[in-house]
Amino acid sequence: MASVAIRNVRKAFGPVEVLHGVSVDIADGEFVVLVGPSGCGKSTLLRMLAGLENITAGDIAIGNRVVNQVPPKDRDIAMVFQNYALYPHMTVFDNMAFSMKLAKAPRAVMEAEVGRAAKILGLEQLLQRYPRQLSGGQRQRVAMGRAIVRNPQVFLFDEPLSNLDAKLRVQMRAEIKELHQRLRVTTVYVTHDQIEAMTMADKIVVMNSGNVEQVGPPLELYDNPANLFVAGFIGSPAMNLIPGRIGNGGFEAEGGAVLPLPPTAKNGAGTYGIRPEHMRLDPNGIPAKVQLVEPTGSETQVFLRIGETPLNCAFRERVSAGPGDTIHVSPDLGLVHLFEAGSGRRLAA
């Protein structure tokens, strides 16, 4: 196991720069998730860490060794790809043992290491099957097993669950996290799915357009987003972000609504943020017209309009109202976020 240090890393493809001085510290044994929308540079950064992309500027160190010029095979890392990358003509055993065969490891050592990984991943009964005889989840476990037998210092995962159905993604998410807790190997995991990031990470790195927007534990990013981008990206359903200004005893939204403010609110706010789950039904609250009701079982999402201002609410209780009805809602003032006009930076309470 080893720590990873990414120092002011830049990446350009010709005149186009796609990473703009990224710096991230990853502690030994930490599970770090790089998350952001498509095109933000997270997979490029992972490939640079793996040695599959050259570094334009900056340094990447694994342990105490700068690896900018070190070939991928000598970096002591193991990567799990999005498309599994299994050899179709090889059995599960041979796929998992492939790197050891290249290293000319003794047969007894290969059998011991593959057996250990197969036991961890529940593949013991599948070692003589071929990839075509496996389900998507089983193939992903084989790809993970191939990484485990290398006993690397760092695991790299590049969107490994994106090809799986929703139920299997939830199952594999738990299995990968449990695997990390068991092996305690430093792990860097790339995804565009912020639910994966929130549930799996020790630390999240939120990226946008080649820059790091915020780094921190999942709940820190959820409770205290640094800016409008992080506020809108972290959390599902997404935070309501309502443009306007402070005035007349409240926050005047551009759509005409006046929303209550916490007593500590400061001037300079240009956006009012409240998460859907932090709204509550309140007979003395703000009147709002129902646009759409989406019951999900555990909660009910209600899309409202206060004047011309849209608002999404998520209630734990059942809501009997339908489109066109009026209900009354209030925000939890202790959980309102205000963002600075212009910069989009969150204003401290």
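Visitor: What is the volume of the largest pocket?
Guide: In this predicted model, the largest pocket has a volume of about 400 Å³. Its lining has 16 residues, and those closest to the centre are Ala78, Met79, Phe81, Arg146 and Arg150.

Visitor: Which helices and strand each supply at least two residues of that lining?
Guide: They are strand E6 (77-80), helix H2 (92-102) and helix H4 (136-148).

Visitor: How do the lining residues divide into nonpolar, polar and charged?
Guide: The lining of the largest pocket holds 12 nonpolar residues, one polar and three charged. Arg counts as charged, so Arg146 and Arg150, both in the lining, belong to the charged group.

Visitor: Why is Asn227 called buried?
Guide: Buried means under 20% relative accessible area. Asn227 has 14% relative accessibility, so Asn227 counts as buried.

Visitor: Where does Asn227 lie, and what does Asn227 touch?
Guide: Asn227 is in the loop between helix H7 (218-223) and helix H8 (228-233). Leaving out residues up to four places away in sequence, Asn227 touches Glu213, Phe339, Gly344, Arg345 and Arg346.

Visitor: What makes the pair of Asn227 and Val230 a polar contact?
Guide: A polar contact needs N or O atoms within 3.5 Å. A polar atom of the Asn227 side chain lies 3.0 Å from the backbone nitrogen of Val230, so the distance meets that cut-off.

Visitor: How many helices and strands does the chain have, and what share of its residues is buried?
Guide: The chain has eight helices and 20 strands. Of its 349 residues, 50% are buried.

Terms used. Residues are numbered from 1 along each chain as its sequence is written. This is a predicted model: local features need pLDDT of at least 70, side-chain atom pairs count only at pLDDT 80 or more; totals for chains, interfaces and linings use all residues. Side-chain values use heavy atoms; hydrogens and water are left out. On a 1 Å grid over the protein atoms alone, a cavity is a set of points where a 1.4 Å probe fits but cannot get out, and a pocket is an open set with protein on both sides within 12 Å along at least five of seven lines; lining residues have an atom within 4 Å of a point. Grid points are joined across faces, edges and corners, and a volume is the space filled by probe spheres set on the points. Helices (H or I, at least four residues) and strands (E, at least two) are DSSP runs, numbered from the N terminus. Buried means under 20% relative accessible area, exposed over 50%, partly exposed in between (1.4 Å probe, protein chains only). A polar contact is a pair of N or O atoms within 3.5 Å; within protein, one must be able to donate a hydrogen and the other to accept it, and residues adjacent in sequence count only if both atoms are side-chain atoms. Contact means heavy atoms within 4.5 Å.
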